[in-house]
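Biologist: Hello! Could you help me learn to read a structure like this one?
Modeller: Gladly, let us look together.

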Amino acid sequence: MPSYLSLLKIQIKRTLRVPMVPIFSIIFPLIIMFSFLNGSTDSLSASYQKDGIKLVSGLNLVIILVITMANIPASIITAKASNLLKKLKFSEINIPVYLSSVFVANFLFMLLASAITWTIAIWHFNLEISVKNVVFYIFPVLCVYTFFFFVGVIIANFCSNIEQNQSVIIPVYFLSLLLSGVFIPFSVLPVKIREFLTEYNPVYYFNSLLQINHFTFSDFLHSQFLITLLVLLLLIFTLKLKFKYE
């Protein structure tokens, strides 16, 4: 346990030392909120509440993507380059334990960034969110984070260096943002394209899952969730079979 806690502490410190992570997971969401939300008497209107919650939920997806697409793969590739993963073969801390420390450390930071975003949205911009929804919000957040965590690990696993990683991560990151509907509403698209993207697009489903006031556990019975779960199991199985130590 002491060794694991030490490893967890190292991962947390590493996350805090990467400038891109706090900038795009904390500062960027705040800039967007202060640009598009006003917190005035208009905040009492139903449309303001709906649009505001949709915006902040989308920003939480951005936070998850920044951490899982930028920080986690870079952390793993750095560990590969320094031969840390090879050394773990002969250590009491094996690869699953190492990956769990990366998972937990980044998840804690993601929760902190999300908590800051929602706290300011509630107290400064007057978004109305029930305590029950805040408590249950951990479930969709954990679901979305877990999926993109393994996507990030898979990408890092098949990249030999940071340059290769960035050439893959950047297109995947921006494509995920486009497919989420956070910044480009699908309502402006032709009907057929809009229907396809809302029905068969997992990233849009994740964005919908993160709508804090609309989440119900029945969302986990949706066909898109079951398909996503199968893809996640496939990613884990692929890692187990073809994990690269260098």
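Modeller: Let me begin with a term: a polar contact is a pair of N or O atoms within 3.5 Å; within protein, one must be able to donate a hydrogen and the other to accept it, and residues adjacent in sequence count only if both atoms are side-chain atoms. Here, the side chain of serine 57 reaches the backbone oxygen of isoleucine 53 at 2.8 Å. This is a predicted model, where local features need pLDDT of at least 70, side-chain atom pairs count only at pLDDT 80 or more, and totals for chains, interfaces and linings use all residues. Residues are numbered from 1 along each chain as its sequence is written, and side-chain values use heavy atoms, with hydrogens and water left out.

Biologist: How many helices and strands does the protein have?
Modeller: Helices (H or I, at least four residues) and strands (E, at least two) are DSSP runs, numbered from the N terminus. The protein has eleven helices and zero strands. Serine 57 lies in helix 3, residues 46-81, while asparagine 157 belongs to helix 7, residues 138-157. Phenylalanine 34 sits in helix 2, residues 20-36.

Biologist: Is serine 57 buried or exposed?
Modeller: Buried means under 20% relative accessible area, exposed over 50%, and partly exposed in between (1.4 Å probe, protein chains only). Serine 57 has a relative accessible area of 0%, so serine 57 is buried. Asparagine 157 is also buried, because its value is 2%. Phenylalanine 34, with 49%, is partly exposed. Across the protein, buried residues make up 46% of the 246 residues.

Biologist: Which residues does serine 57 touch?
Modeller: Contact means heavy atoms within 4.5 Å. Not counting residues up to four places away in sequence, serine 57 touches Trp118, Tyr137, Asn207, Leu210, Gln211 and Ile212. With that same exclusion, asparagine 157 touches Lys80, Leu239, Lys242, Phe243 and Lys244.

Biologist: And which residues is phenylalanine 34 in contact with?
Modeller: Leaving aside neighbours within four places in sequence, they are Ile120, His124 and Phe125. Phenylalanine 34 and phenylalanine 125 are 91 residues apart in sequence, and their C-alpha atoms are 8.7 Å apart in space. For the whole protein, residues 24 or more positions apart account for 79% of the contacts with a separation of 6 or more.

Biologist: What box do the C-alpha atoms fill?
Modeller: Taken along the principal axes, the box is roughly 60 × 40 × 35 Å.
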